[in-house]
Amino acid sequence: MSTIQVTINKKAAKNSLASKKSSWSSRIINLFFCALSILLIIPMILVISISFTDEKTLLQHGYHLLPEKFSLEAYSLIFKSPGVLLNAYGITILVTVIGTVIGLFLTSLTAYTISRKDYRYRKPMTLYVFFTTLFSGGLVPFYIMVTQYLHLKDTMWALIVPYLLSPFYILVMKGFLDKIPIEVIESGKIDGASEWRIFFTIVLPLSLPALVTIGLFISFQYWNDWWLGLLFIDDQKLVPLQLMLYRVMSTIEYLSNNMSTVNVSIDMTQFPSLSARMAMAVLAAGPMMIVFPMLQRFFISGLTVGSVKG
């Protein structure tokens, strides 16, 4: 009995030592990520603080995490012509919603097709999708195709169609769909369900975390894009938000650097150029900063799902 008691005590001591090591390692990891989160949050707080700071105070005392002299001058300047800003917001929201819905449907449909182990051309199609990540046709052929063949110039579809399918998102979605057991699909077939019904009633509900994750990536791409608008949009009514802010910031920078050669009636010494730029950044990123925390739970599960086999 004494030998058994000694063995039990040794095992208990080892377990206690292991739990202490695990506790210390988890504390160190938590402290590291807390510090990293603070480092990531500070620039965002600084941008918001600058947007609410008086321009003269910025020039005299520099940037601070809390506004030394609170001012809404930058925002009042931007909202002097709210119609242009609201129109740009409307175009960006519409493009983001339509592009995300259609892009997510096409991405999941393509990924589901090449993830099916009973599909004869699964490997050639996967190779074809992967091959497009290595090479592209170039900017000139891309511009000619959109303007001359698809005739999308100065239309809203010029902001949507080029980003509808991304090989990277297809491969990520395929990696998730590969984890769905083939028996689930076969059971649907036995019950008489068609391929479309299996896809919509079985595959998509099981893929909700991956759909939300890919959907967030697609929506961020549409929301933050100004490149397509710069290439294909000349109509001022179709200018998206990011392109409008890019043009405004470029104009402010040009006027600030060329006051001696440009004849304008604006006193640039009183113009809130620094705070206006940060206010534009806050207005551009604001909606996505609200949407992301709401879907964070699905985003994290979508990134981690499938990482452990079993």
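**View 1. Asp154 lies in the loop between α6 and α7.** Helices are DSSP runs (H or I, at least four residues), numbered from the N terminus. The model is predicted: local features need pLDDT of at least 70, side-chain atom pairs count only at pLDDT 80 or more, and totals for chains, interfaces and linings use all residues. Residues are numbered from 1 along each chain as its sequence is written, and side-chain values use heavy atoms, with hydrogens and water left out. Asp154 is not a glycine, yet its phi is positive, about 60 degrees. Its relative accessibility is 29%, so Asp154 counts as partly exposed (buried is under 20% relative accessible area, exposed over 50%, partly exposed in between; 1.4 Å probe, protein chains only).

**View 2. His151 is placed in the loop between α6 (139-149) and α7.** Phi of His151 is positive, near 55 degrees, in a residue other than glycine. With a relative accessible area of 58%, His151 is exposed.

**View 3. Helix α4 (residues 82-115) packs against helix α7 (residues 167-177).** The axes are 8 Å apart and the angle is about 55 degrees; axes are lines fitted to C-alpha atoms, for helices over the stretch in contact, and angles run from 0 to 180 degrees between N-to-C directions. α4 and α7 are therefore oblique to each other (under 35 degrees is roughly parallel, over 145 roughly antiparallel, 65 to 115 roughly perpendicular, the rest oblique). The contact (heavy atoms within 4.5 Å) includes Thr107, Ala111 and Ile114 of α4 and Tyr169, Met173 and Lys174 of α7. Its residues divide into seven nonpolar, four polar and one charged (Ala, Val, Leu, Ile, Met, Phe, Trp, Tyr, Cys and Pro count as nonpolar, Asp, Glu, Lys and Arg as charged, and the others, Gly among them, as polar).

**View 4. Helix α4 crosses helix α10 (residues 208-224) at roughly 140 degrees.** The two axes come within 8 Å, and α4 and α10 are therefore oblique to each other. Among the contact residues are Tyr89, Gly99 and Gly103 of α4 and Leu211, Gly215 and Trp223 of α10. The contact of α4 with α10 has nine nonpolar, nine polar and no charged residues.

**View 5. Thr100 is a residue of helix α4.** At 13% relative accessibility, Thr100 counts as buried. Leaving aside residues up to four places away in sequence, Thr100 touches Val95, Gly215, Ile218, Ser219 and Tyr222. The Thr100 side chain reaches the backbone oxygen of Thr96 at 2.5 Å.

Definitions and conventions
Helices (H or I, at least four residues) and strands (E, at least two) are DSSP runs, numbered from the N terminus. A polar contact is a pair of N or O atoms within 3.5 Å; within protein, one must be able to donate a hydrogen and the other to accept it, and residues adjacent in sequence count only if both atoms are side-chain atoms.
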